[in-house]
Amino acid sequence: MKNKCLLLFLFFLYITQGHAQGFTLEELPISAIVEQGNAGDVASQYYLAYSYYTGQRVGQDFGKAVYWASKAAEKGDAQAQLLMGNCYRDGQGVQQNALTMVYWFTKAAEQGLGIAQFELGNCYFYGNGLKKNPQKAVELYRKAAEQGVVEAQYNLASCYYNGTGASIDFAEAIKWFTKAANQGDKNAQFNLGVCYSEGKGCVPDLQKAAYWYKKSGKAQTELSRLYEREEFNKDVQEYYRQVQRDAYLGDEKAQIIMAQAYAMGIAREQDPAKAIEWYMKAAEQGNETAINNLGAIYLSGNIVPKDLKKAIFWFEKGAQMDNPKFDYLLAVCYEEDGQYEKAVEHYSKAAAKEHVEALRCLGDCYYFGRGVEKNLELAARCYYEAVQHDDDYACFLLANCFLEGHGVPQDYEAALMLLKKAADRGIVPAQYRLARCYQEGTGTKRDLQSTIHYYTMAAEGGDLKAQEALREINEELERVMRENGDL
């Protein structure tokens, strides 16, 4: 992405209206911004503070950064207060001082600034400048995590996973690990692999475990370690010899472990046929994990050729156990196979039992008229139900309904609220759509700072349209700055 530093700079600092002669800060020479800062303009003061802190447009000078940040911070600017906290934490431009650091982080956190809430949470968690209080840390991590601060999402998940500052709650840990993992946090991705591998807070799912291990980049060396168990605490090969013996004696848990070993090549040569053989032995005993993994193997085509008929066969067996997850997976198979009416049938069964992904997918069927008569009102209702179950992607879909007036009255305020919620939780299409709203003034004032902020998030998430939009904005800004002699 061209001139990424400039984009990040603008993301934090771009001020769109209200400066001398109608110019933005980016268009003004530094001397003019200094003059405005000395006259008490808070935006100019923070602009200068951040410029000296990062060394952009001026030479890096932490002393001057603190000078200007302190002026803006005293007037209540939350970003300046955060910067002051960082400087006192790291000893940049001032002597390190934990108490003063806490003071400024608290000021910014009280204004609802997510990253400041995260930093203050760390102070409570580690006892840095404050008495250790893990419960208070969890409270602050949650506030920041709900605003999409990835570090806070990871720390909050870890607290629930380890029972630090909160009761152990693996399901809640998975929820927040997933949000952080979707934003690219490698540790969260790895920990999700652990959860799905060991069935902590979820039904064990080797396919999901393998997916997150691979995303984390820690797959092969850690897989062997994860399949060790405390009760054996021996050499891995010896452990697997014992597991294999138990598997031959009919222990379904051991059969699943052997299947996973052959599927992933753990302490054995990878052998998909033997993996399937062991899964089938456990499945014949009615083991849901084995049935799920057999269906997932044939649906994904990762270790054997993809075979929707075989995937459907196994998921149908699971559906007989009255688990809505299997109806959802059946629907996915039928939809991929073009059997849309059957897909709707099984999405409906799973949705009736409040399976969130099924609710969302059923909404798509009504929205596009796949397997059922097109009905935008029912589509919006499905999306709404999924939103009530805290489904982030459904927030984006329902927002689109409000934007376009599809199935609900057109309501820009509701649309923007939902888009922001989804965007701040890492939903890339929502980030792109929200950026367009700010750029075009759809339901809100045009706001270049917010436009760049959300385009940047979407671009970093791989959205090509967002990358192109940023390139065009950046080129236009460079042209204006060149004409004004600032480049």
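**Helices and cysteines**

Guide: Happy to! In this predicted model, Ala380, Tyr383, Tyr384, Ala386 and Val387 of α22 meet Ala394, Cys395, Leu397, Leu398 and Cys401 of α23.

Visitor: At what angle do the axes of α22 and α23 cross?

Guide: Two packed helices are described by the angle between their axes and the distance between the axes. Here α22 (residues 376-388) passes α23 (residues 392-404) in a left-handed crossing. Their axes come within 8 Å, and the crossing angle is roughly 140 degrees.

Visitor: How far apart are the end C-alpha atoms of helix α4?

Guide: Helix α4 covers residues 62-74, which is 13 residues. At 1.5 Å a residue it should span 18 Å, and the model agrees, because its end C-alpha atoms are apart by 18 Å.

Visitor: Which residue caps the N-terminal end of α4?

Guide: Look for a side-chain oxygen that lies 3.1 Å from the backbone nitrogen of Gly63. That oxygen belongs to the capping residue, Asp61.

Visitor: Which residues of α4 are buried?

Guide: Buried means under 20% relative accessible area. The cover over such residues in α4 includes α2 (30-38), α3 (42-54), α5 (78-90) and α6 (98-110). The buried residues are Ala65, Val66, Trp68, Ala69, Ala72 and Ala73.

Visitor: Is Cys87 buried or exposed?

Guide: The cut-off for buried is under 20% relative accessible area. Cys87 has 0% relative accessibility, so it counts as buried.

Visitor: And how many disulfides does the structure hold?

Guide: A disulfide is a covalent bond between the sulfur atoms of two cysteines. For this structure, the number of disulfides is 0.

Conventions: Residues are numbered from 1 along each chain as its sequence is written. This is a predicted model: local features need pLDDT of at least 70, side-chain atom pairs count only at pLDDT 80 or more; totals for chains, interfaces and linings use all residues. Side-chain values use heavy atoms; hydrogens and water are left out. Helices (H or I, at least four residues) and strands (E, at least two) are DSSP runs, numbered from the N terminus. The expected span of a helix is 1.5 Å times one less than its number of residues. Buried means under 20% relative accessible area, exposed over 50%, partly exposed in between (1.4 Å probe, protein chains only). Contact means heavy atoms within 4.5 Å. A polar contact is a pair of N or O atoms within 3.5 Å; within protein, one must be able to donate a hydrogen and the other to accept it, and residues adjacent in sequence count only if both atoms are side-chain atoms. A disulfide is a pair of cysteine sulfur atoms within 2.5 Å. Axes are lines fitted to C-alpha atoms, for helices over the stretch in contact, and angles run from 0 to 180 degrees between N-to-C directions. A crossing is left-handed if the near helix is turned anticlockwise from the far one by less than a right angle, and right-handed if clockwise.
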